[in-house]
Amino acid sequence: MFEFSVAVTNRYAKQKIASQQLSHNTGLMEWKETNTAEIKCFCGIIIWVGLIKFPNLALYWSKSMLYSNKVSSIMSHNWFEILLKLFHTSKNETTLEGDKLHKVQPLLDLIVPKFKDTICPSFRRRPSFWKYVPNIRHRYGVKVSQLCLPHGCTWNLKVRAGKEQTTGVCVPQKVVMESLDPFLHNGRILYCDNWKNRKDNPQTVISAKLKKGQTARSQSKTKPSIIKWKDKSGALIISTKHNDNMVPVKCKNDVEVLEPKAVVDYNATKLFIDVSNQVSSAYS
């Protein structure tokens, strides 16, 4: 490609010089045949000028600290201006009448196949398990259940690809048990969001009418504690570890309020998934 540009540029320069009376003010008086290395540098500067915008072309060769760059060490300003006037990618003699791209078409014919050989496009399409979740900021996407450790590290995850319910086991239970499999019966504590605890809750707790700060609780020796706590809105908690004990918590205005210990512990561990989501949001 560059060899072709060198040949047609040198050819056009000779034709230009032969066709006119040149004065000493014309840059063409300094013309000498270019070569492949120079044309590569010239094209590189063209790309650089397109990426880094200065108010005018001459400033790329300015000695001012404000416009400091390496262009002047690659090619002089005068020689760049001369090449800019004479750079060619086609032979004028082969121009077809009505062909508006005759100046650049030979170059396009050379570089477009290179693009195709170098880069394979990635095809993006919506997967069949694309989800719509209305209560989160990014409503459309792939639903993933994550098991996160402190500092936001993801230890395990499961992509929700559709109906997965098996006989006798609901989906939330299946997801949780599969994610925790290596840790079962080791004294670990798992905190889950409300997707995991919607079913089979006692109506005596769910329907309890509470004032702000009050709690209602259902507990047995064989089942987890079911705790309902009234703050601005109701919070329903299922725990095998906590009861309805209240602990003091400082608000933003340094006022102490009482909250269930289960809620305080949940908020502390929920940071793990929040950190993971924050880090991954840069790539989504």
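Let's start with disulfides, which are covalent bonds between the sulfur atoms of two cysteines. How many does a search of the whole structure find? The count is 0. Keep in mind that this is a predicted model. Take cysteine 43: the nearest cysteine sulfur belongs to cysteine 41 and sits 9.5 Å away. A disulfide would need the two sulfur atoms within 2.5 Å, so cysteine 43 is in none. Cysteine 43 is partly exposed, at 22% relative accessible area, and cysteine 251 is partly exposed too, at 33%.

Now for the aromatic rings. To describe a pair of them, we give the distance of the centres and the angle of the planes. Here the count comes to 6 aromatic pairs. One of them joins phenylalanine 42 and phenylalanine 87, with 5.2 Å centre to centre and 40° between the planes, a tilted arrangement. Why does this pair tie together separate parts? Phenylalanine 42 lies in helix α2, whereas phenylalanine 87 is in the loop between α4 and α5, so the parts it connects are 45 residues apart in sequence. Is phenylalanine 42 buried or exposed? It is buried, with a relative accessible area of 3%, while phenylalanine 87 is partly exposed at 24%.

Next come phenylalanine 54 and tyrosine 67, an edge-to-face pair at 5.1 Å centre to centre, with 65° between the planes. Both residues are in the loop between α2 and α3, 13 residues apart. Tyrosine 67 is partly exposed, at 23%.

Two last things to find on your screen. Phe42 and Phe87 come back as members of one aromatic cluster, together with Trp61 and Phe80. And lysine 32 lies over the face of tryptophan 79, 4.7 Å from the ring centre.

Technical notes:
Residues are numbered from 1 along each chain as its sequence is written. This is a predicted model: local features need pLDDT of at least 70, side-chain atom pairs count only at pLDDT 80 or more; totals for chains, interfaces and linings use all residues. Side-chain values use heavy atoms; hydrogens and water are left out. Buried means under 20% relative accessible area, exposed over 50%, partly exposed in between (1.4 Å probe, protein chains only). Rings of Phe, Tyr and Trp (its six-membered ring) pair if their centres lie within 6.5 Å; planes under 30 degrees apart count as stacked, over 60 as edge-to-face and the rest as tilted. Helices (H or I, at least four residues) and strands (E, at least two) are DSSP runs, numbered from the N terminus. A charge sits over a ring if NZ of Lys or CZ of Arg is within 6 Å of the ring centre and within 35 degrees of the ring normal.
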